[in-house]
Amino acid sequence: MRIGIMGSGLMGGKLGTLFARTGHDVIFSYARSEQKLKRLAREANARAGTPGEAAHGADALLPALHWSRVDDVLKQAGDVSRKVVVSCSLPMNAANTALVIAHNSSGAEELAKKLRRSRVVAAFGTVPGEVLFSVFEARKKANRPSLVYCGDDQDAKETAATLIRDVGFDPVDAGPLRIARYAEPFSLLVAQLAYETEGSPELAYRFERFGKNR
């Protein structure tokens, strides 16, 4: 696939690099400096360009950037009608201390409102970017970690599932896009416990299915 990465921070840089390693045609765009953008593309064996160039002909777009910059990058990207847009970052405030959208909506849902003719899927936002390379290196092991995604367009969700598998996760369809309003606060909680709590505890989760036994 041709994949446009809009944002060259931790998540965008690592995901774009991994997509390039699996054979996708990746274009990095929207960095604080052109030098960083070109270096990232060179090291990933990918290309560097503008958001408009990243969006042109793309099978999937990943706006991996701070929420405050979303409107700017979408304006530069131009027409992204019918494009698969994978929302992979949390809608944080300027200080990165809290979500600016929560409870009754989510960053993914608000992005879908901005891009009413696009097909928005939420994925990758529930995993810390720091673990992506190690998961990719272990992708051939029998036990792979799961990663949830959600959206309202089935074809777009299949595209997201393919990208999730390429990185080394087993994709888990969590349902419609509105599920992101529950996943995003959970992701913030995990990040706060992992990075801000003294001792940085290792976290483990166990989910059991409740229902009638068969």
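**Entry 1: the cores**

I started with the nonpolar cores, and the largest one has 35 residues. Leu15, Phe19, Leu62 and Phe124 have the most contacts inside this core. I take a nonpolar core as a set of buried Ala, Val, Leu, Ile, Met, Phe, Trp, Tyr and Cys residues joined through side-chain atoms within 4.5 Å. Buried stands for under 20% relative accessible area, exposed for over 50%, and partly exposed for anything in between (1.4 Å probe, protein chains only). Helix H7 (residues 154–167) gives the largest share of this core, 6 residues. My helices (H or I, at least four residues) and strands (E, at least two) are DSSP runs, numbered from the N terminus.

A note to myself on the ground rules: this is a predicted model, where local features need pLDDT of at least 70, side-chain atom pairs count only at pLDDT 80 or more, and totals for chains, interfaces and linings use all residues. Residues are numbered from 1 along each chain as its sequence is written, and side-chain values use heavy atoms, with hydrogens and water left out.

Next I picked Leu62 and asked: which residues does Leu62 touch? Leaving out residues up to four places away in sequence, I found Ile3, Gly4, Ile5, Met6, Leu15, Phe19, Val86, Cys88 and Leu163. A contact here means heavy atoms within 4.5 Å. Two of the names on that list, Leu15 and Phe19, I had already noted among the residues with the most contacts in the core. There is also a second, separate core of 20 residues, and it includes Val73, Leu74, Leu111 and Leu177.

**Entry 2: helix H5**

I looked at helix H5 (residues 107–114) and found Gly107, Ala108, Glu109 and Leu111 buried. The buried residues of H5 pack against strand S4 (60–63), H4, strand S5 (84–87), S6 and H8.

**Entry 3: pockets**

Rolling a probe the size of a water molecule over the atoms shows where empty space is left. I searched on a 1 Å grid over the protein atoms alone: a cavity is a set of points where a 1.4 Å probe fits but cannot get out, and a pocket is an open set with protein on both sides within 12 Å along at least five of seven lines. Lining residues have an atom within 4 Å of a point. Grid points are joined across faces, edges and corners, and a volume is the space filled by probe spheres set on the points.

The largest pocket holds about 1100 Å³ of space. I counted 36 lining residues, with Leu10, Met11, Ser89, Leu90 and Asn96 nearest its centre. Helix H1 (10–21) and H8 each supply at least two residues of this lining, and the largest share, 6 residues, comes from H8. By type, the lining divides into 17 nonpolar, 14 polar and 5 charged residues.

Of its 35 lining residues, Thr126, Val127, Pro128, Ser146 and Phe186 lie nearest the centre. Strand S6 (119–123), strand S7 (146–151) and H8 each supply at least two residues here, and H8 gives the most, with 8 residues. This lining divides into 27 nonpolar, 6 polar and 2 charged residues.

**Entry 4: the cavity**

How many cavities of 30 Å³ or more are there? I got 1. About 60 Å³ of space lies in the largest cavity. Its lining is Pro63, Trp67, Val70, Ser87, Cys88, Ser89, Gly107 and Leu111, which I sorted into 5 nonpolar, 3 polar and no charged.

**Entry 5: cysteines**

I then checked for disulfides (pairs of cysteine sulfur atoms within 2.5 Å) and the count came to 0. Cys88 is buried, with a relative accessible area of 2%, and Cys150 counts as buried at 4%.

**Entry 6: two single residues**

Ser187 sits in helix H8 (residues 180–195). Is Ser187 buried or exposed? I find Ser187 buried, because its relative accessible area is 7%. Ser187 touches Leu90, Gly125 and Thr126, not counting residues up to four places away in sequence.

Gln76 lies in helix H4 (residues 70–77) and is partly exposed, with a relative accessible area of 39%. Gln76 touches Tyr30, Pro51 and Gly52, again not counting residues up to four places away in sequence. Last, I took a C-alpha to C-alpha distance: Gln76 and Lys140 are 38 Å apart in space and 64 residues apart in sequence.

Definitions and conventions:
Ala, Val, Leu, Ile, Met, Phe, Trp, Tyr, Cys and Pro count as nonpolar, Asp, Glu, Lys and Arg as charged, and the others, Gly among them, as polar.
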